[in-house]
Amino acid sequence: MDSLSLYMLTFNCARTPVDIDLFASHFFDALPHTDTSTDDSLTPPELIVLSLQEIAPIAYAFLGGSYLDTYFNAFRRVIDQAVSQRWDGTSYDILVRDNSGMTGLLVFARSDVVDKVSWIDSARVGFGFQQMGNKGAVGARLGYSADGQPGNTVDLTFVAAHLAPMEWAWEQRNRDWRSIVERLVFSREQDAKQRNVEAEGDSEESAALLQGSSSERTGNEVGVFIPTTYLFLGGDLNYRTSNTSPLQGDHVRFPRFNADPSSPQHYSQLLKDDQLTREMRKARSFQGMSEAPITFPPTYKYTSAARKTAREALYSGDPKLQEQIWTSSRWPSWCDRILYLDTPSWMKGSRNLQPHKYDALPLFPTSDHRPVALSVSVPLNAIQVPRDVDHTNDVRLIAPFSVDPEWKSKRDAARTKELLVGYLAYAGWTWEGNGYMLATLLGLFGVWLVLGSMLYS
């Protein structure tokens, strides 16, 4: 085996658990197909990576740990069900279950290759309000060795991100990317086998370890860009197709889902105004990274009527129900993206990453975003840095921004705020929290009555 098969998916969950049956039946829609093969004959990917945004309501997301079990476990079941439908006898183990506030990351390895992952590093950063994780990124870096030899370990870095919203905030999105480069710093927490056991167990202790920043140790801390890594970043990057919100009547110019490619209302015409493509071309964001060609309609923002129609279409299989409708308050945009850092230029003669399929999954009823997935082969050749390489034109060697020396103190301070907001939101906005508050008040009232009776008896 000279390459590793990776399947990466990004999805804005809209703080709602997914419909497991629907999602599982379409989960692998972005796997490549040929005229001579069937789904069952395709080799299952070695790694499956999920980038999840707005994975849960803010109370559960900010508290983390077991509060996220329902939401993460739903995707665990999606993977199990989707795999069983295609490859009988194949199973996956979870290597990473992590989150930074409302942004989550799951990494699965096929059971027969789990032992080839020798180490895992992790990182988290928030750049929402007060640098909290209502917007942010979470990363995992792992070492994968095809032959089991430590000298031939391929570094793979996966980042899940959620950037600032709204059409006019493209410069803030660029700054969010800068925050990722400056403050998403990786540190070794434990070896891969220990982490795998803990992630599968979902114990409170492992959840705290994966979520908290207090256990991060200094001395082996590096940012997103290092010379030896392949980097994959997926998320709701929120770049739009206009710098201003739609005006009244602009919706008549929105693309038509079934328009002919030559029509002015085909979605490809709107893609010409994509902010992310523009900012990357001008080297103002995601410097050095690449994206497979986009051949699918905008992934955001769909109306509630379209989502209802989608449910009917997915359950009935009626193609007449597949017409998509975008809300008139937002320009239809490709918010959900997967980018990658290819084989470095100094690796002459080495193969590049090979994207097989980059596509959007169907619209699901639980979200106004469509999931996007990338199927790609990664060369299993460890990246070596020659002494005479030009250090000026590769982001692996000279990152666009330096690591912030105060990254850890900023993250710790933000985490404290997240816990405070999480507890307040839990107490005020959830049925369980309301119940605890009522029980506490009744308990205090009971204590007051007992003390009163003792004092005045």
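Q: Cys335 first: buried or exposed?
A: Cys335 is buried, because its relative accessible area is 0%. Buried means under 20% relative accessible area, exposed over 50%, and partly exposed in between, with a 1.4 Å probe and protein chains only. Keep in mind that this is a predicted model, where local features need pLDDT of at least 70, side-chain atom pairs count only at pLDDT 80 or more, and totals for chains, interfaces and linings use all residues. Residues are numbered from 1 along each chain as its sequence is written, and side-chain values use heavy atoms, with hydrogens and water left out.

Q: And Cys13, buried or exposed?
A: Cys13 is buried, with a relative accessible area of 1%.

Q: How many disulfides?
A: The count is 0 disulfides, taking a disulfide as a pair of cysteine sulfur atoms within 2.5 Å.

Q: OK, aromatics. How many pairs?
A: The whole structure has 20 aromatic pairs. Rings of Phe, Tyr and Trp (its six-membered ring) pair if their centres lie within 6.5 Å; planes under 30 degrees apart are stacked, over 60 edge-to-face and the rest tilted.

Q: Why is Phe296 with Tyr358 edge-to-face?
A: Their planes are at 80 degrees, with the ring centres 5.4 Å apart, so the pair is edge-to-face. Both residues, Phe296 and Tyr358, are buried.

Q: Which parts does that pair tie together?
A: Phe296 is in the loop between α8 (275-281) and α9 (304-316), and Tyr358 is in strand β11 (residues 354-360), so the pair ties together parts that are 62 residues apart in sequence. Helices (H or I, at least four residues) and strands (E, at least two) are DSSP runs, numbered from the N terminus.

Q: Which charged ends sit over rings?
A: Among them, Arg141 has its charged end over the ring of Phe186, 4.3 Å from the centre. The charged end of Arg278 sits over the Trp170 ring, 4.8 Å from its centre. The rule is NZ of Lys or CZ of Arg within 6 Å of the ring centre and within 35 degrees of the ring normal.

Q: What about the largest nonpolar core?
A: That core has 52 residues, and those with the most contacts inside it are Leu95, Leu142, Leu156, Phe158 and Phe232. A nonpolar core is a set of buried Ala, Val, Leu, Ile, Met, Phe, Trp, Tyr and Cys residues joined through side-chain atoms within 4.5 Å. Apart from it lies another core of 42 residues, including Tyr7 and Phe364.
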